[in-house]
Amino acid sequence: MLSEFRDREIAKKILKRIFEEAKKIGKEVRFMDVCGTHEDTITRFGIRALLPKNVKILAGPGCPVCITPVEDIVRMMEILKREKEKMIVTTFGDMYRIPTPKGSFADMKSEGYNVKIVYSIYDSYKIAMRNKERIVVHFSPGFETTTAPTAGMLWEAIEKGVENFKIYSVHRLTPPAVEYLLRQGTALNGLITPGHVSTIIGVRGWEYLTREYKVPQVISGFEPIDVLLSILMLLKMLRNEEIRIENEYTRAVKYKGNEEAQKKIEELFEVVDAKWRALGVIQRSGYSLKDKYGDYEISNIYDVEVEELPDLERGCRCGEVLRGLILPTECPLFGRVCTPRHPVGPCMVSFEGTCQIFYKYGSLYG
Amino acid sequence: MCLAIPGKVVEIRDNLAIVDYGGVRREARIDFIRDLKVGDYVIVHTGFAIEKMDEEAAKRSIEAWDELLSLDDLDSMGD
């Protein structure tokens, strides 16, 4: 079904049109992606190297585990230390390895604590069902696309009264982060809007950014043709001086999004101000469980004070990478001191981190 | 953790589907998808189907590019 979305001849035709549009525009234009999967497509297929010189693609804060605050990871680890015999903590594979000044979940595992990597929050739930005498906590990062599964699973736990299943929510909303960058003055001519976040929040979840900040957007799919076409659509808008939001990923994204998922998220969570590692506090950018469901949030149950810790090691430029100010190759640590085997900062740990993606695909970043 | 992938539904049991990703089969929760049928394509993210893949829309967009790109070819011949 998707072979056309990788067709070489179609890609060539689109590229030809991209070159024509870019030439007519003349000046440099900068587009940003804010999704690890988009960055993966762009770098894996060498899209930056194929584009005209005046079309630049920046990578934004599209990596939820990269921006998960150090203090939350440390607080989760402190809670687990108090309940060594009684508690199992689950999280995703990349979160498991994220470094903090106090170590990582992987370090705790090697010290004998019960930490498990899961592919889905559903796996954590199943672990909770099998271990009723233990508390099973899913340390739960992710944008809207991951918040929906968390809401779904939690809903079932609440309905079935599975009280030993808990979460630690570090879920975040994507549009407020883009808004934050725009307010901070990151210069953008267009946004390659994340298609999978959009399956949940719909086209309408992004409209205000175009309306209030005059940024053209194209909601994009993840095949190389999707991304090329989205770049072409943005260039066309710029050349015609149109500021709109368009949907390239019509096969998955509806105007209103997934209303079933939205309902569950809204029922369980409230939107709060929240910290993003290496970026700071962003207004109304975090999902916190509502008070009436507060018993399912582990950080409500254990009162653990955590001092403020440095977000990054000295020299790590992950913060500038996340803001789209530099590409990884501009960091002196990249590929020398900092590699996926020995990551210094979070952007090199996650599969969605821009640094790891650049490292993995070598010279294709153009 | 955020990579979402499309697959084909081969079996449905209550709120679970068995999804085939080009030969590899895995369970996916389908809590948020209405009217799902065997043979439908879904996009699965961390074990949950987040949306159905609309085959008609995919075909329509491919036809739309063909049209767009062939018209543009005619344009550029006149340049």
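A salt bridge is taken here as a side-chain nitrogen of Lys or Arg lying within 4 Å of a carboxyl oxygen of Asp or Glu. By this rule, 4 salt bridges are found across the interface of chain B and chain A in the structure, which is a predicted model. The side of chain B that touches chain A draws at least two residues from each of strand 3 (24–29), strand 4 (41–45), strand 5 (48–53) and helix 1 (55–77) of chain B. Of the elements of chain B, helix 1 gives the most to this side, with 11 residues, and the residues of the side as a whole divide into 20 nonpolar, 6 polar and 11 charged.

In the contact between the two chains, 37 residues of chain B meet 48 residues of chain A. The area buried between chain B and chain A is about 3800 Å², and 65% of it lies on carbon and sulfur atoms. Polar contacts are also present across this interface, where 10 residue pairs are found with both members at pLDDT 80 or more.

Within chain A, an open sheet of 5 strands is arranged in the order 2-1-7-8-9, with parallel pairing. Strand 2 (55–59) and strand 9 (245–247) of chain A stand at the edges of this sheet, and because each has a single partner strand, one side of each is left without a neighbour in the sheet. From one strand to the next, the twist averages 25°. Strand 1 (residues 29–33) and strand 7 (residues 190–194) of chain A run parallel and are joined by 3 bridges; on strand 7 of chain A, Leu191(A) is the bridge partner of Met32(A).

A further open sheet of chain A consists of 4 strands in the order 4-3-5-6, again with parallel pairing. The edges are formed by strand 4 (115–117) and strand 6 (165–171) of chain A, each of which pairs on one side only, and neighbouring strands of this sheet are turned against each other by 25° on average, direction ignored. Strand 3 (residues 87–91) of chain A runs parallel to strand 4 of chain A and is joined to it by 3 bridges, with Lys116(A) in strand 4 of chain A as the bridge partner of Thr90(A). Helix 8 (residues 121–130) of chain A lies across strand 3, strand 4, strand 5 (135–142) and strand 6 of chain A, and runs at about 175° to strand 5 of chain A. Helix 9 (residues 144–160) of chain A likewise packs on the sheet, where it touches strand 5 and strand 6 of chain A, its direction making about 160° with that of strand 6 of chain A.

Over all chains, the structure holds 32 salt bridges. Side chains of opposite charge can pair when their charged atoms come close. One such pair is formed by Glu20(A) and Arg17(A), whose side chains meet in a salt bridge with an N to O distance of 2.5 Å. Both residues, Glu20(A) and Arg17(A), lie in helix 1 (residues 8–25) of chain A, where they are 3 residues apart, about one turn of the helix.

Notes: Residues numbered from 1 in each chain as written. Chains lettered and ligands numbered in written order. Predicted model: local features only at pLDDT ≥ 70, side-chain atom pairs only at ≥ 80, totals over all residues. Heavy atoms only, no water. Contact = heavy atoms within 4.5 Å. Buried area = accessible area lost by both parts, 1.4 Å probe. Polar contact = N/O pair within 3.5 Å; in protein donor to acceptor, adjacent residues only side chain to side chain. Nonpolar A, V, L, I, M, F, W, Y, C, P; charged D, E, K, R; others polar. Pairing = 2+ DSSP bridges. Axes fitted to C-alpha atoms, helices over the stretch in contact; angles between N-to-C directions.
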